[in-house]
Amino acid sequence: MHNGIHMSSILPKARRALTAAALLSSLPVALRADAQADEIQALREQIRLLDQKLRVLERKQELKEEEAAAAAKSAPKIFVNDKGVTLASGDGANSLRLRGLVQADSRWYFDDGGVATNDAFILRRARIIFEGTFNKAVSFQLVPEFGGSNTTLLDANIGLALRPGLQLKFGKFKSPVGLEQLQSDSWAFFAERSLVTNLVPNRDVGVTAGGEVLGEAVNYTLGVFNGVPDGASSSNSDFDDDKEFVARVFATPFKGRKESALAGLGLGVAASYAPSSETASALTSGYRTDGQQRFFSYAATTVADGDTWRISPQGYYYHGPFGALGEYVISTVNVRNTATGARSELQHDAWQVAAGYVLTGEDASYNGVVPRESFNPTAGTWGAFEVVGRVASLDLDDATFPIFASAATSATEVTSFGVGVNWYLTKSLRATVDYFQSDFKTQLTPTSALLRQDEKAVITRLQVAF
């Protein structure tokens with residue numbers, strides 16, 4: 001018994017000792033597990049905080065990029081190219097542009113009997129063109145002319161674009177009558193315009209409304225101007241009640257259809273009408289040849305007395321390297337002679353057909369030729385070459401002579417033809433050589449040296465236009 005009591009008391013103690021030992025042995029493992037859990041939790045917290053900071057930094061960077069993009073979009077931009085120097089707002093709604101045109105000519109006349117002394121070097125045109133647009137709707141243009149014998153304000157106008165089919169224009173600009181006259185001075189086939197341009201107004205002061213309608217297939221213009229004589233430009237003011245009304249419709253029915261051979265076809269008609277006028281200034285100061293020599297002028301005693309009107313059917317066709325332009329003009333004026341009191345309605349008419357072909361294959365257009373490759377002898381490129389030809393005629397009303405003009409100093413009819421070569425070295429630089437010949441008809445043996453023989457003239461030009 002003594003042994004049994006002893007063993008029973010020892011076993012519980014042994015169990016407790018073993019349990020204590022086991023607990024003691026497992027304590028470091030538990031402690032280590034708890035420590036690792038704490039470390040993992042701490043690391044997770046650090047990662048969470050770093051991720052939060054990264055997101056904040058990324059958002060700040062996105063905001064900076066958005067601000068930079070917005071600033072770049074609104075920042076003004078400067079462009080210098082063959083279209084001039086342009087300062088534009090980032091969104092393109094506002095812009096200012098400075099352009100220029102310089103034409104340096106020479107004129108040489110042959111078989112003139114040594115009487116005329118007209119050979120000369122001429123600064124034909126020298127213009128600074130300043131234009132701009134505001135809010136894509138309001139535009140302006142200022143063009144002083146420094147070429148020729150006088151400095152003048154050639155163009156000064158304001159445009160208001162209400163919609164594509166309705167745009168208003170105020171100020172001084174080209175009267176929308178003559179097709180060749182409306183063509184840019186930089187891009188006409190020849191250095192000088194044809195005889196037809198003698199019978200249409202040049203620049204005038206007034207207002208027009210116009211635009212493109214029917215899917216841009218038709219362009220129309222309606223205008224009211226002070227009114228100018230044939231071939232003349234306004235002196236910027238006019239203090240009488242009589243105004244000139246102008247209308248023009250020009251259709252390009254296949255415009256935009258590149259696959260069509262008629263894509264470059266344009267046909268139209270223009271007309272002008274001015275009510276009664278009784279001033280000598282309502283008459284032209286004279287008509288000029290292709291070589292810019294005067295072959296007709298009214299007598300000093302002749303004044304306008306009655307309505308004047310013009311009508312001009314016109315058209316052009318461009319297809320690939322080929323281009324052609326034609327127009328016909330009737331100009332009617334009522335006149336009287338202050339000495340005799342005679343009064344008559346005179347009707348003069350003129351026509352022209354001109355054509356060109358780009359030998360180097362570039363497309364011809366109403367807005368000129370753009371060379372595929374600019375002139376660069378080192379690279380073996382020479383620009384674009386175009387050959388041109390023209391036939392034109394101007395016939396004065398037989399009733400003009402001898403009461404309203406002298407038959408000895410003015411021709412009754414002129415027929416001219418011209419041939420030429422245009423070299424487009426770059427988009428901005430062009431060289432031209434033209435030959436013109438004019439045949440005069442008179443009612444009497446002329447006393448004018450010009451009219452006693454045909455005019456034969458060579459005109460050369462070097463032009464910079466941008």
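## Glu 192 and its setting

Helices and strands here are DSSP runs, numbered from the N terminus. On that numbering, Glu 192 sits in the loop between α2 (179-182) and β8 (203-213). The model is a predicted one.

Is Glu 192 buried or exposed? Its relative accessible area is 2%. The cut-off for buried is under 20%, so Glu 192 counts as buried.

## Contacts of Glu 192

Two arginine side chains make polar contacts with the side chain of Glu 192. One is Arg 124, at 2.7 Å. The other is Arg 107, at 3.4 Å.

Which residues does Glu 192 touch, leaving aside neighbours within four places in sequence? The list holds Asp 105, Arg 107, Arg 124, Asp 290, Gln 292, Arg 390, Phe 436, Ile 459 and Arg 461. Several of these names return below.

## Salt bridges

Side chains of opposite charge can pair when their charged atoms come close. The whole structure has 26 salt bridges. One of them joins Glu 192 to Arg 107, with 3.4 Å between the closest N and O atoms. This pair links distant parts of the chain: Arg 107 belongs to strand β3 (residues 95-110), Glu 192 to the loop between α2 and β8, and 85 residues separate them. Both partners are buried.

Arg 390 and Asp 290 form another salt bridge through their side chains, at 3.6 Å from N to O. Arg 390 is in strand β17 (residues 384-395), while Asp 290 is in the loop between β12 (287-288) and β13 (294-296), so this bridge ties together parts that lie 100 residues apart in sequence. Arg 390 is buried, at 3% relative accessible area. Asp 290 is buried too, at 1%.

What about Asp 305 and Arg 336? Their side chains meet in a salt bridge of 3.5 Å, N to O. Asp 305 is in strand β14 (residues 302-319) and Arg 336 in strand β15 (residues 322-337), 31 residues apart. Asp 305 has 12% relative accessibility and counts as buried. Arg 336, at 26%, counts as partly exposed.

Some salt bridges share partners. One network built this way joins Arg 125, Arg 127, Glu 145, Asp 155, Lys 174, Asp 185, Arg 193 and Arg 203.

## Cavities

Rolling a probe the size of a water molecule over the atoms shows where empty space is left. How many cavities of 30 Å³ or more are there? The count is three. The largest cavity has a volume of about 80 Å³.

Thirteen residues line the largest cavity. Nearest its centre lie Asp 112, Gln 293, Leu 450, Gln 453 and Glu 455. Strands β3 and β20 (455-465) each give at least two residues to this lining. By class, the lining has five nonpolar, three polar and five charged residues.

## The second largest pocket

The second largest pocket holds about 1300 Å³ of space. Its lining has 40 residues, and Arg 124, Asn 202, Gly 231, Ser 233 and Gln 292 are the closest to its centre. Arg 124 is also a polar-contact partner of Glu 192. Gln 292 is among the residues in contact with Glu 192.

Strands β4 (120-134) and β6 (152-163) each supply at least two lining residues. Which strand gives the largest share of the lining? That is β4, with five residues. The lining of this pocket divides into seven nonpolar, 19 polar and 14 charged residues.

Terms used. Residues numbered from 1 in each chain as written. Predicted model: local features only at pLDDT ≥ 70, side-chain atom pairs only at ≥ 80, totals over all residues. Heavy atoms only, no water. Helix = DSSP H or I, 4+ residues; strand = E, 2+ residues; numbered from the N terminus. Buried < 20%, exposed > 50% of the residue type's maximum accessible area, 1.4 Å probe, protein only. Polar contact = N/O pair within 3.5 Å; in protein donor to acceptor, adjacent residues only side chain to side chain. Contact = heavy atoms within 4.5 Å. Salt bridge = Lys/Arg side-chain N within 4 Å of Asp/Glu carboxyl O. 1 Å grid on protein atoms, 1.4 Å probe; cavity = no way out; pocket = protein on both sides within 12 Å on 5 of 7 lines; lining within 4 Å. Points joined across faces, edges and corners; volume = space filled by probe spheres on them. Nonpolar A, V, L, I, M, F, W, Y, C, P; charged D, E, K, R; others polar.
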